[in-house]
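The sequence and the structure come first.

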Amino acid sequence: MAESLCGERVIGSIRRELLDQVVVLNEAHARRLLREYQRYDNASRTHLSLGKDAPETREV
């Protein structure tokens, strides 16, 4: 159940923060956008569950 909720949260974030903002041209374009989003999500985007830090800790 928890995995399902986490998956739904991730999909919702991707939809709101990425897919609602761009037009995906093809599968290769979608994969590139998702890789870039993953880098952003791990390096820059804050996460409440991590005390508003990113998974890759950085200097503030």
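A residue counts as exposed when its relative accessible area is over 50%, as buried when that value is under 20%, and as partly exposed in between. Glu27 has a relative accessible area of 53%, so Glu27 is exposed. The model is predicted, and side-chain atom pairs are counted only at pLDDT 80 or more.

**Overall composition**

The protein has two helices and zero strands. Helix H1 spans residues 2-19, and helix H2 spans residues 27-43. Of the 60 residues, 18% count as buried. The accessible surface comes to about 5100 Å², and carbon and sulfur atoms account for 54% of this area. Of the contacts between residues at least 6 apart in sequence, 9% join residues at least 24 apart.

How many salt bridges does a search of the whole structure find? The search finds two. Glu27 pairs with Arg31, and Glu36 pairs with Arg32. Both Glu27 and Arg31 belong to helix H2, where they are four residues apart, about one turn of the helix. Glu36 and Arg32 have a spacing of four residues in helix H2, again about one turn.

| Salt bridge | N to O distance |
|---|---|
| Glu27 and Arg31 | 2.7 Å |
| Glu36 and Arg32 | 3.5 Å |

In the second pair, Glu36 is partly exposed because its relative accessible area is 39%. Arg32 has a value of 41% and is therefore partly exposed too.

**The aromatic pair**

One aromatic pair is present in the structure. The ring centres of Tyr37 and Tyr40 are 5.7 Å apart and the ring planes meet at 55°, so the pair counts as tilted. Both tyrosines lie in helix H2, three residues apart, about one turn of the helix. Tyr40, at 37%, counts as partly exposed.

His29 is part of helix H2. The relative accessible area of His29 is 13%, so this residue is buried. A polar atom of the His29 side chain lies 3.1 Å from the backbone nitrogen of Leu25. With neighbours within four places in sequence left aside, His29 is in contact with Val23 and Val24.

Leu33 also has its place in helix H2. Its relative accessible area is 8%, and Leu33 is therefore buried. Not counting residues up to four places away in sequence, Leu33 touches Leu18, Val22 and Val24. Val22 and Leu33 are 11 residues apart in sequence, and their C-alpha atoms are 9.3 Å apart in space.

**Nonpolar surface patch**

Which residues make the nonpolar surface patch? Leu19, Val22 and Val24 make this patch, with an area of about 200 Å². Leu19 belongs to helix H1. Leu19 counts as partly exposed because its relative accessibility is 39%.

Conventions:
Residues numbered from 1 in each chain as written. Predicted model: local features only at pLDDT ≥ 70, side-chain atom pairs only at ≥ 80, totals over all residues. Heavy atoms only, no water. Buried < 20%, exposed > 50% of the residue type's maximum accessible area, 1.4 Å probe, protein only. Polar contact = N/O pair within 3.5 Å; in protein donor to acceptor, adjacent residues only side chain to side chain. Contact = heavy atoms within 4.5 Å. Patch = residues over 30% accessible without salt bridge, like charges linked within 9 Å, V, L, I, M, F, W, Y side chains within 5 Å. Areas by Shrake-Rupley, 256 points an atom, 1.4 Å probe, with all protein chains shown as cover. Salt bridge = Lys/Arg side-chain N within 4 Å of Asp/Glu carboxyl O. Phe/Tyr/Trp six-rings, centres within 6.5 Å; stacked < 30°, edge-to-face > 60°.
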